[in-house]
Amino acid sequence: ANTHASFPLGLLLIGVFSAGEFFSSVSLKRKIGLAGIFLATLAVTGVTPYGYAVWKIPTFFWKHGEFAHRNLSEWVPLSADWFRKIGPVASLAIVLSTIGAISGIILNIKRTSLSWLFVWILSFAMFISSVRHVGFFAMATLPILQTVIASVQSRRPGILPGIPGRDAPA
């Protein structure tokens, strides 16, 4: 059931991904299907014991977000203090993966799916606004990094031992 206050984030991610696919697609049938999936997903949010009243919870947080940012540790915006708390290894991993993803997007812009680009930008903005979204950011970053690694390996075989290139058989 959609009783967690963050369930609209899932809808937002579905919407953003669908928007990327919608703008990338030339087929009217595909566009109608994507719009239908999003509308159906939105419609079933009321299929809970609370009905559509479940929307009152995220609405409260959106109206009173400053309360969450001040009083709930998982809702604090990204800061240097947060990086100190998670330690140097995790901090370095986040910084390097962010740089790698941005580099990968720039270097492979023609191959980068518009949907993944939209999702990555959204997840990055969410992560900056609240550290609770680090998981969304990691999930959006990993496929882009995988593309970067495969691209490097296919251009310079053997540079990354044990990792096949994009065109190499798995």
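At roughly what angle do the axes of helix α1 and α2 cross? Hello everyone, let's start there. The axes of α1 (residues 7-24) and α2 come within 10 Å and cross at roughly 175 degrees. The axes are lines fitted to C-alpha atoms, for helices over the stretch in contact, with angles from 0 to 180 degrees between N-to-C directions. The pair is therefore roughly antiparallel, the word for angles over 145 degrees. Helices here are DSSP runs (H or I, at least four residues), numbered from the N terminus.

A quick word on the source. This is a predicted model, where local features need pLDDT of at least 70, side-chain atom pairs count only at pLDDT 80 or more, and totals for chains, interfaces and linings use all residues. Residues are numbered from 1 along each chain as its sequence is written, and side-chain values use heavy atoms, leaving out hydrogens and water.

Which residues meet? From α1 they include L11, I14 and F22, and from α2 they include L34, F38 and L42.

Now to W55, in the loop between α2 (28-43) and α3 (56-63). W55 is partly exposed, at 22% relative accessible area; that class runs between buried, under 20%, and exposed, over 50%, with a 1.4 Å probe and protein chains only. Beyond its neighbours within four places in sequence, W55 is in contact with F7, P8, L11, L42, T45 and W62, where contact means heavy atoms within 4.5 Å.

Last, α8. The buried residues of α8 include F137, I144, L145 and V148, and what covers the buried residues of α8 includes α6 (88-107) and α7 (114-129).

Terms used. Helices (H or I, at least four residues) and strands (E, at least two) are DSSP runs, numbered from the N terminus. Angles under 35 degrees count as roughly parallel, over 145 as roughly antiparallel, 65 to 115 as roughly perpendicular and the rest as oblique.
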